[in-house]
Structures are given as structure tokens and as C-alpha cells.
Amino acid sequence: MASVRAQPWAALEADNLTSLAELTETNLLKAIEERYRAGLIYTAVGDILVAVNPFQELLMYDGAWSGAYAATDVSGLAPHIYRVASAAYNSMVQGKKNQVCVISGESGAGKTESAKFIMKQVMNMCSSAGLGLKLQQKIIQLNPLLEAFGNARTELNDNSSRFGKFIQLLFESSGRIVGAGLEQYLLEKSRVCVQTEKERNFHIFYYLYAGLPQEKKAQLHLKGPEHHRYLRTYCQLTKDCSSEDSREAFSAVLESMESIGFSSSEVDQIITLLAAILHIGDIEFVSSEEGGGDSATVRNPEVVETVSQLLCLESSAEVSFALTTLRTVTRGEPVDKLYSCSKAAVVRDAAAKALYSRMFQWIVSRINTHLQPRDNYSRSKLSVTEDHLNIGILDIFGFENFEANSFEQFCINLANEQLQQYFNHQIFAMEKLECAKEGVDDLDISYTDNTPVIDLFLARPIGLLCLLDEQCKGLNGSEKAFVQRSRESFNKHQCFAPHRGNALEFTISHYAGDVSSDINHEGMLHLIQIWSS
Ligand SMILES: Nc1ncnc2c1ncn2[C@@H]1O[C@H](COP(=O)(O)OP(=O)(O)OP(=O)(O)O)[C@@H](O)[C@H]1O
């Protein structure tokens with residue numbers, strides 16, 4: 001890539017792809033590629049900004065650039081992520097209208113980095129009004145905290161968001177920042193218990209190992225990371241658990257929490273909870289004769305003791321009981337049935353995932369409490385009062401296509417497909433409607449409508465999700481029956497292709513590419529159990 005310009009420059013006609021003589025896919029791609037090779041990673045298409053990930057640090061985000069884009073009219077400046085942020089802020093203040101920035105792209109495309117640049121620029125613009133400096137710092141501090149608990153290394157991205165987030169920055173009509181609110185979606189909690197060897201658990205576990213003093217680790221009964229089942233699969237475990245980067249990242253997380261307003265006892269509780277989750281993963285089961293056949297009993301009660309102690313639970317016997325026994329109450333009488341070892345393991349992992357995801361929700365809810373405006377801003381859920389203007393920034397996990405795709409990719413890609421539909425609707429369908437209103441009916445805008453693939457997933461009573469539900473609820477539900485039913489139902493569907501050689505494999509044609517799922521690979525129903533448990 002050629003070197004980038006040292007300063008912001010005035011917009012040229014070529015900066016906007018709508019100036020191309022012929023708007024074909026080939027021409028658009030060629031223009032974006034040529035610009036990228038010339039060091040121009042940003043290109044405008046009307047109001048939309050196309051960003052190509054440079055995968056290297058560019059000198060175009062410092063104070064001088066931010067200042068240049070902080071003008072009250074940025075329409076004459078070249079496309080840049082700061083221009084999007086400034087335009088949103090200016091439109092909000094000048095037009096007294098709420099704004100939203102929707103960021104879309106496949107995993108690793110640079111969405112989270114873009115979201116951070118937008119936040120940074122908006123915060124800089126508020127500070128140029130000389131107001132709310134401390135609050136702005138708190139808002140900027142959200143990123144290291146959320147990334148530590150909600151991001152992880154995947155095969156596509158070393159810092160992949162494993163949850164969706166919608167941040168709303170709240171302002172008075174003068175443009176003074178008064179608070180922020182955060183909503184999170186679909187944390188990939190299954191990652192707490194299972195990862196492939198090239199992927200990691202959530203970052204915080206490695207930071208914890210690198211950053212906690214030895215005596216604190218001993219107090220939490222943490223042994224070397226390779227001793228903990230939820231961590232040991234990863235191939236660079238020892239390195240990442242002791243690196244300087246991880247140590248610094250841990251300090252940054254502590255700093256963020258303190259700056260946002262978490263008390264030291266809350267931070268300590270979170271650290272203890274993380275240790276307890278690691279210990280939960282080490283609880284093992286053996287078959288006992290009691291109850292006949294394969295009935296689980298805890299093999300290492302000392303680990304249950306440690307977990308109980310860390311979670312301040314009075315009786316470790318009760319924890320063991322809950323992990324190995326299903327208790328139902330029939331006519332007022334409790335009836336106990338012992339789990340098999342494999343079922344007890346599912347219950348154990350479900351407990352770890354539930355603890356992690358509730359801790360994540362609690363962190364988000366504490367953030368909302370600390371960043372709420374001092375009036376009537378809802379604590380638990382994002383609900384913005386009409387007194388405030390706001391800029392929303394949506395950054396969800398991007399489209400994913402791995403060699404082996406499972407239930408997580410199924411859900412992530414569906415969410416991206418819905419976002420794409422929203423985008424199509426806003427850009428093309430609304431444009432057509434506007435033109436029709438102005439009497440231009442014969443406008444030739446053709447675009448690929450992705451409604452068929454969304455219907456494939458969501459249609460009722462026959463869509464992929466309904467068919468999955470059917471198998472999950474049925475006593476004899478199975479992956480095989482799910483694929484069989486899907487094959488019968490979508491035999492002629494343009495976005496569904498069964499595989500000839502493998503009865504459990506099918507391909508879904510998404511807007512961003514074809515994704516094959518081998519249901520046998522992980523066992524889709526098993527994964528759903530894990531997810532929803
Ligand atoms: N503007 C940029 N300048 C330099 N590097 C960048 C930029 N944008 C992205 N990157 C690099 O690309 C990596 C991936 O970006 P990012 O995490 O934002 O992707 P994403 O689209 O949010 O992915 P996911 O959907 O997996 O969360 C970053 O960690 C960073 O190294």
C-alpha cells in the first residue's frame with residue numbers, strides 16, 4: 001500500500017464512487033482497490049463510507065486529523081471515519097435529530113476499530129465545546145473493558161467481538177455530553193467452555209494470569225493455566241498467560257473499571273468469579289453404582305470445595321448434588337434422578353456459562369448505572385428519555401465462514417443477514433420510494449434482495465429455526481432428522497443446497513458468500529442445549 005497523505009485534504013470527485021461513469025460491481029471494486037493501493041482506505045458512496053482494513057498503523061488518526069474533521073461542515077473534506085463521526089454530531093446538534101451509525105462487514109473487517117474511532121471523534125468534538133471531560137474519558141474507557149470480557153482470538157481475527165453492542169452517546173440539545181448507555185446482544189458464552197487450539201477463551205482469562213500477583217493467584221487456588229480445562233486447548237497458552245502485552249492489558253482493564261466507577265470490592269468479586277469459573281471446568285465425574293448404570297458422582301470433591309468457597313456458598317455437598325442430580329417435585333414430594341457422567345458434564349458447563357454471561361450482563365448494567373445521565377435514565381435496559389439527543393453506534397460480530405461452521409456461525413450470520421436487509425431497505429428501497437414520490441417511477445435500481453435467505457431461517461411454521469426447535473423439543477429429536485426435514489422442506493430453495501456425499505451437510509447462500517455446515521461436526525442440537533442451558 002502506498003503511503004497515506006500526511007494531512008486531511010479536500011474531497012475530490014473521485015472520492016465518491018457515485019461519480020463513476022458506470023456503476024458496475026467490477027468498476028466499484030476496481031476503484032476501491034486502486035484507491036487502497038494509493039493509500040486511500042476510505043471511499044464514499046453517497047452517505048456511506050467504505051473502509052478497507054489497512055492492517056497497519058496509519059498516521060491519520062491523531063489530534064491534527066481529528067481537529068481538521070471537527071469543523072461544523074465537513075462535507076467538503078475527503079472521506080474518513082472522522083468525517084462520519086463529525087457529520088453525525090453536527091447533524092444532531094444543528095438539526096436536533098438523533099443519529100445512528102451502523103457498521104457492517106465480515107469478521108476482521110475493522111468494525112470495532114471504526115466504532116472506536118467514531119466514539120473518539122465524537123468525544124473530541126464534545127471536548128472542543130469544553131464540556132464533560134471526565135465523562136468523555138469514562139466513555140473512552142469502555143472499550144478496553146468490554147473487549148477484555150467480550151472479545152477473543154478467533155481464526156479470522158485476534159480481537160474478535162463475540163457479542164453485539166449498541167452504544168448510545170447521550171447529549172443535551174447544545175451538544176453537551178450527559179451520559180451513555182450500552183446494550184449487548186448474544187454473547188458467545190459457549191466459548192467459556194470450548195475453543196479450538198487456534199482460538200482462545202475470552203481475553204480476560206489470559207490477562208488475569210499475566211496480571212495477578214502470585215500470592216493472589218494462590219489465594220484463588222489458581223494453578224498453572226495448563227491445569228485448567230477451559231484454557232488448556234489453546235496452542236500458545238503459556239506465552240499468552242505471561243506476556244507483557246497481557247500484563248499491560250490487565251492493568252488497562254483495572255484502570256478502566258476504576259475510571260468508570262467500579263469499586264475495588266466489585267473488581268475483586270469479578271476476579272474471584274473468573275477464578276471460580278476456571279475451577280468449575282475442572283470438576284470431573286465418575287460413574288457410581290448408586291442408582292444403577294452410569295450415574296455420575298464427583299471424582300474430585302476438593303475442586304467443588306474450592307468453587308463453593310470462592311462463590312461463598314455454604315455447602316459444597318449441595319453444589320455436588322446440584323451438578324449430579326435432577327430433582328423434580330411430584331405431588332409435593334421431591335423425586336431425584338442421578339445424571340449420567342456426560343449429562344453432569346453438560347450441567348457443569350452450563351453453570352460456568354451462566355455465571356460468565358450473567359457476570360457480563362452485570363458489568364454492562366453497572367456501566368449503564370455509572371454512565372447514566374443524572375436524571376431518569378433506566379439502569380437495567382437502554383431506554384433513552386426524550387429529553388436527550390443521542391448518537392447510536394451499532395457494532396455486532398461480523399459475518400463468519402470457517403472450515404467447520406457450527407451453531408454460533410448459524411446465529412452470527414443470520415444477525416448479519418438481517419443487518420444487510422436493513423441496509424438494503426434504507427439505501428435502495430427507500431431511495432426508490434423517495435423518487436416515486438417525486439414522480440420518478442422508472443428508476444432502474446437493481447439490488448440483490450436477501451429476503452429469501454432470511455425467510456429460509458425465520459419463516460413460520462417452516463424455517464430452519466422452527467425445524468431446529470421442533471427437533472430440540474421432540475423426545476427423539478436428532479441432527480439427522482433436522483437435516484432430513486430441511487432437505488425435504490427446502491428442496492427447491494435458491495439459498496439452500498444439500499450435499500450429495502454427506503447426508504448431514506448443507507450449504508446456505510448468504511449475501512456475503514456460501515457457508516457450509518456439517519451438522520455432524522459438533523452436533524447442532526447438542527450445541528443448542530449448551531447454548532440455551
Ligand atoms: N483503521 C485501521 N487501522 C489499522 N488497523 C486496523 C484498522 N481497522 C482494523 N484494523 C486491524 O484489523 C483488526 C481487526 O479489526 P476489528 O477487530 O475492528 O474487526 P471486526 O470487523 O470488528 O471483527 P469481528 O467481527 O471479528 O469483531 C484490528 O485488530 C486491527 O489490527
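Start at Asn450, which, leaving aside its neighbours within four places in sequence, is in contact with Glu417, Gln420, Gln421, Asn424 and Tyr511. This is a predicted model, so keep that in mind for everything that follows. Asn450 is found in the loop between helix 15 (407-437) and helix 16.

Now zoom out. The chain's secondary structure comes to 20 helices and 15 strands. Taken along the principal axes, the C-alpha atoms fill a box of roughly 80 × 60 × 50 Å. For 533 residues, a compact globule would have a radius of gyration near 24 Å, and the 26 Å of this chain agrees with that. Of those 533 residues, 34% count as buried. If you take the contacts between residues at least 6 apart in sequence, 66% of them join residues at least 24 apart.

Next, find the ligand. How many residues surround the ligand? There are 19, and the closest are Gly110, Lys111, Thr112, Ser160 and Gly398. Two elements, helix 4 (111-128) and strand 5 (160-161), each give two or more residues to this shell. Helix 4 gives the most, with 3 residues. Sorted by class, the shell has 11 polar, 5 nonpolar and 3 charged residues.

From there, go to helix 6, residues 142-150. The rest of the structure largely encloses helix 6, because 7 of its 9 residues are buried. Those buried residues are Leu142, Leu145, Leu146, Glu147, Ala148, Phe149 and Gly150.

Further along the chain there is a pair of helices to look at. Packed helices are described by the angle between their axes and the distance between the axes. For helix 17 (residues 464-473) and helix 18 (residues 479-489), the angle is about 145 degrees and the axes are 9 Å apart. Their crossing is right-handed. On the helix 17 side, the contact involves Leu464, Leu467, Leu468 and Gln471, which meet Ala481, Phe482, Arg485, Ser486 and Ser489 of helix 18. Together the residues of this contact divide into 5 nonpolar, 3 polar and 1 charged.

Arg460 and Pro461 are joined by a cis peptide bond, with omega at about 0 degrees. Pro461 lies in the loop between helix 16 (451-458) and helix 17.

Two other backbone spots deserve a click. Phe55 has phi near 50 degrees, a positive value in a residue other than glycine. Look for Phe55 in the loop between strand 2 (48-51) and helix 2 (63-68). Phe55 counts as exposed because it has 8 C-beta neighbours inside 10 Å, and the exposed class covers residues with 12 or fewer. Arg331 is not a glycine either, yet its phi is positive, about 45 degrees. Arg331 sits in the loop between strand 10 (325-330) and strand 11 (333-338). With 5 other C-beta atoms within 10 Å, Arg331 is exposed.

Methods
Residues are numbered from 1 along each chain as its sequence is written. This is a predicted model: local features need pLDDT of at least 70, side-chain atom pairs count only at pLDDT 80 or more; totals for chains, interfaces and linings use all residues. Helices (H or I, at least four residues) and strands (E, at least two) are DSSP runs, numbered from the N terminus. The radius of gyration is taken over C-alpha atoms; the globule rule is 2.2 Å times the number of residues to the power 0.38. A residue is buried if 20 or more other C-beta atoms lie within 10 Å of its own, exposed if 12 or fewer, and partly exposed in between; C-beta atoms are placed from the backbone. Two residues are in contact if their C-beta atoms, placed from the backbone, lie within 7 Å. A residue is near a molecule or strand if its C-beta atom, placed from the backbone, lies within 6 Å of it. Ala, Val, Leu, Ile, Met, Phe, Trp, Tyr, Cys and Pro count as nonpolar, Asp, Glu, Lys and Arg as charged, and the others, Gly among them, as polar. Axes are lines fitted to C-alpha atoms, for helices over the stretch in contact, and angles run from 0 to 180 degrees between N-to-C directions. A crossing is left-handed if the near helix is turned anticlockwise from the far one by less than a right angle, and right-handed if clockwise.
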